[in-house]
Amino acid sequence: MEEKIGQLTRDCGEEIAAAGSENALYAVRVKYLGKSGLISDLMKGMKDLAPEQRPVMGKLVNDARGTLEALFAAKGKELHDAELAARLAAEKIDITAGEDKLTGKLHPLNAVRRRLVDFFVSMGFDVMDGPEVETDYYNFEALNVPKDHPARDMQDTFFLGGNLLLRSQTSASQVRYMEDHKPPLKMISPGRVFRNDDDATHSPVFHQLEGLVVDKGITMCDLKGILDSFAKHFFGKDTKVRFRPSYFPFTEPSVEVDVSCSMCHGKGCKICKGTGWIEILGAGIVNRKVLRICGIDPDEYTGFAFGFGIDRIANIIHSIPHIKLLYENDIRFLEQF
Ligand code: PHE
């Protein structure tokens, strides 16, 4: 019997070594160590042995079983590791395979809007978001543009019926902000605006950024100071700012603001149409009537407001020849930023 145990152990060891997969190894295990395997068969022969022989043989069988268990475990681990490595190699995903594809980034308009907002936030301005569908009251009436007033024609508005319209200017945010905040106040309100204009230089949707400061003793000088820093920050240190008289119903006096052309430094070029100046925004001292409508005493407080097109600023910063390019989403164009 001792001989038999030795033979079985050697045979089994050879078959373990030869097993080429986890399944094959399992089959060997069943053959030798299974319930009706060869080792169990051997145990059945015990009853024919002399009583004093049984414990000796029992020990031999158990030792053999232990040896084989260790062999199975080692081989099992080896096969498992090999099969895992083979699967990992076969199922490998090359996550760099798309490397030469386009990567996402901010649209130039959003990138410029963020820079503009950062600039004003750094100067202590609060940021407000107004609704794109506005009421006639906030877009016009509270801004001193009554119904049937000719100033309504300055902005060709999309009326939605009832009292609603698509806001034609972010100036509507001025009124909403002053209703909720008492001076001293400093806010900007960037956002989309809509006008019924569609040609080479106009888009029916564009973006504005409104600014409003109200406090005691605010003058045109404060407006000019802020706009001067703004222009130097975005268009270069030598940029000059010039005010021209203008008209807006909600500011009095009103100005149109030009910056010296950063392309030709005032000499005159294609960008500035030979004038040396580029018009960038409308502004002025907040009309006393608007302050009063918003519940602010115009004898105690004064303020300035300004509004510019974010699209226009983006075009100047990046020398983009016309606004439509910003809306076509042509990858060849967007890739350049
Ligand atoms: N809302 C004006 C426009 O769209 C710009 C402006 C804003 C003018 C604030 C004065 C003060 O043309």
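**Ligand shell, cavity and pocket**

The model is predicted: local features need pLDDT of at least 70, side-chain atom pairs count only at pLDDT 80 or more, and totals for chains, interfaces and linings use all residues. Residues are numbered from 1 along each chain as its sequence is written, and side-chain values use heavy atoms, with hydrogens and water left out.

One in Ser171 lies 2.9 Å from a ligand nitrogen atom. One in Arg195 lies 2.8 Å from a ligand oxygen atom. For Gln208, the distance to an oxygen atom of the ligand is 2.9 Å. On its own, the ligand has 330 Å² of accessible area (Shrake-Rupley method, 1.4 Å probe). The protein covers 92% of that area.

Strands are DSSP runs (E, at least two residues), and helices are runs of H or I with at least four.

A UniProt record, an unreviewed entry, lists residues 110–328 as "domain: Aminoacyl-transfer RNA synthetases class-II family profile". Such annotations may be inferred rather than shown by experiment. The span is 28% helix and 31% strand, and its end C-alpha atoms lie 15 Å apart.

The structure holds one cavity of 30 Å³ or more. A cavity is a set of points on a 1 Å grid over the protein atoms alone where a 1.4 Å probe fits but cannot get out. About 60 Å³ of space lies in the largest cavity. Its lining, with an atom within 4 Å of a point, includes Phe140, Met154, Gln169 and Phe250. Seven lining residues are nonpolar, two are polar and none is charged.

The second largest pocket contains about 170 Å³ of space. A pocket is an open set with protein on both sides within 12 Å along at least five of seven lines. Of its 13 lining residues, Asp238, Thr239, Ser260, Cys261 and His265 lie nearest the centre. This lining has three nonpolar, seven polar and three charged residues.

Technical notes
A polar contact is a pair of N or O atoms within 3.5 Å; within protein, one must be able to donate a hydrogen and the other to accept it, and residues adjacent in sequence count only if both atoms are side-chain atoms. Grid points are joined across faces, edges and corners, and a volume is the space filled by probe spheres set on the points. Ala, Val, Leu, Ile, Met, Phe, Trp, Tyr, Cys and Pro count as nonpolar, Asp, Glu, Lys and Arg as charged, and the others, Gly among them, as polar.
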